[in-house]
Amino acid sequence: MTAGHGGALLVVGDVVTDVVARYRGPLSAGTDTAASIHRLPGGAGANVACWAVYGGCGDVRLLGRVGADAAAWHERELAARGVRPLLVVDAAAPTGTVICLVDTGAAAERTFLTDSGASSRIGPEDWSDALLDGVARLHLSGYLLFSEPSRALVEVALAAARARGVPVSLDPASAGFLSGLGVDRFLDLVEGLDVLLPSRDEACLLTGLLDPADSAAKLSRHVPSVIVKQGAEGALVARSGVVCARVPAAPASPRDSTGAGDAFTGAFLAALIAGAGPEDAAVAGCRAGAEAVVRVGARPPRAAG
């Protein structure tokens with residue numbers, strides 16, 4: 001089914017607090033390294049939702065789970081970027097926190113220390129099929145696959161979307177967590193997806209192949225559309241076992257690569273909902289990724305006004 005123009009995007013995923021520490025390497029083990037530190041709203045699911053609004057999608061909804069400690073702040077931050085927050089407040093766990101260590105050298109490489117907190121406790125009881133009312137596409141954050149309750153939520157959400165003919169995309173989220181989950185298990189869990197949006201590392205890990213194009217082609221035998229995000233190398237679009245487009249990156253001088261993949265995904269999905277094909281949507285994704293890396297933090301600029 002092709003999504004109609006102007007339908008809503010429902011994102012289900014993580015809402016976390018990012019503590020971004022920018023330093024110039026190497027880290028001095030056992031003592032101090034000077035850094036500039038910012039507390040910012042983040043989470044792959046939440047970032048994708050914000051970038052989808054920024055990419056022109058007029059109705060973006062986000063289902064996530066947060067702790068009471070930061071629920072109001074996250075709601076405000078999402079609403080300020082035009083996202084409709086559907087946040088479940090967890091009485092027992094605090095909001096997830098990610099410490100992002102960003103090397104301010106040429107590569108702006110980042111390392112994450114992740115405490116998933118409330119976000120990993122989202123489960124089937126937080127889902128209702130009514131969440132799909134008016135929804136043209138459902139997007140699932142790959143972080144949902146890494147805890148028992150949220151895996152069960154993925155199953156329920158996928159079944160509900162399939163029953164309604166709503167196409168579903170997923171971003172695998174983390175090569176580190178993926179290897180822990182296991183490739184075969186991942187491919188079983190994502191049965192029924194329409195679009196898979198892995199990074200180059202994730203695509204290679206999922207296929208055991210070294211070449212991202214070969215990986216994209218192989219994955220597109222499992223999932224109808226596979227978009228491999230390659231940062232400065234642009235993106236690959238594969239369908240039915242064949243790479244059908246290589247989309248160049250938009251030029252950028254990176255300051256902070258946090259959230260660049262989420263920016264790509266949000267803009268890509270907004271373009272699909274507006275009626276673009278996967279190749280044109282990938283061009284929009286590359287543009288948003290380039291815009292993301294020149295900013296500190298993982299969210300787009302706030303809308304004017």
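Me: Which residues does Gly-266 touch, not counting residues up to four places away in sequence?
Reply: The model is predicted. A contact requires heavy atoms within 4.5 Å. With residues up to four places away in sequence left out, the residues touched by Gly-266 are Val-48, Trp-51 and Ala-52.

Me: Is Gly-266 buried or exposed?
Reply: Gly-266 has a relative accessibility of 0%. The cut-off for a buried residue is under 20% relative accessible area. Gly-266 therefore counts as buried.

Me: In which helix is Gly-266 found?
Reply: The chain has nine helices and 13 strands. The helix that holds Gly-266 covers residues 260-273 and is α8.

Me: How far apart in space are Gly-266 and Gly-285, C-alpha to C-alpha?
Reply: In sequence, Gly-266 and Gly-285 are 19 residues apart. In space, their C-alpha to C-alpha separation is 7.4 Å.

Me: Why does the radius of gyration of the chain agree with that of a compact globule?
Reply: For 305 residues, a compact globule would have a radius of gyration near 19 Å. The C-alpha trace spans about 55 × 45 × 45 Å along its principal axes. The radius agrees with the globule value because the chain has 18 Å.

Me: Among contacts between residues at least 6 apart in sequence, what percentage joins residues at least 24 apart?
Reply: Buried residues account for 52% of the 305 residues in the chain. Of the contacts between residues at least 6 apart in sequence, the share joining residues at least 24 apart is 71%.

Definitions and conventions. Residues are numbered from 1 along each chain as its sequence is written. This is a predicted model: local features need pLDDT of at least 70, side-chain atom pairs count only at pLDDT 80 or more; totals for chains, interfaces and linings use all residues. Side-chain values use heavy atoms; hydrogens and water are left out. Helices (H or I, at least four residues) and strands (E, at least two) are DSSP runs, numbered from the N terminus. The radius of gyration is taken over C-alpha atoms; the globule rule is 2.2 Å times the number of residues to the power 0.38. Buried means under 20% relative accessible area, exposed over 50%, partly exposed in between (1.4 Å probe, protein chains only).
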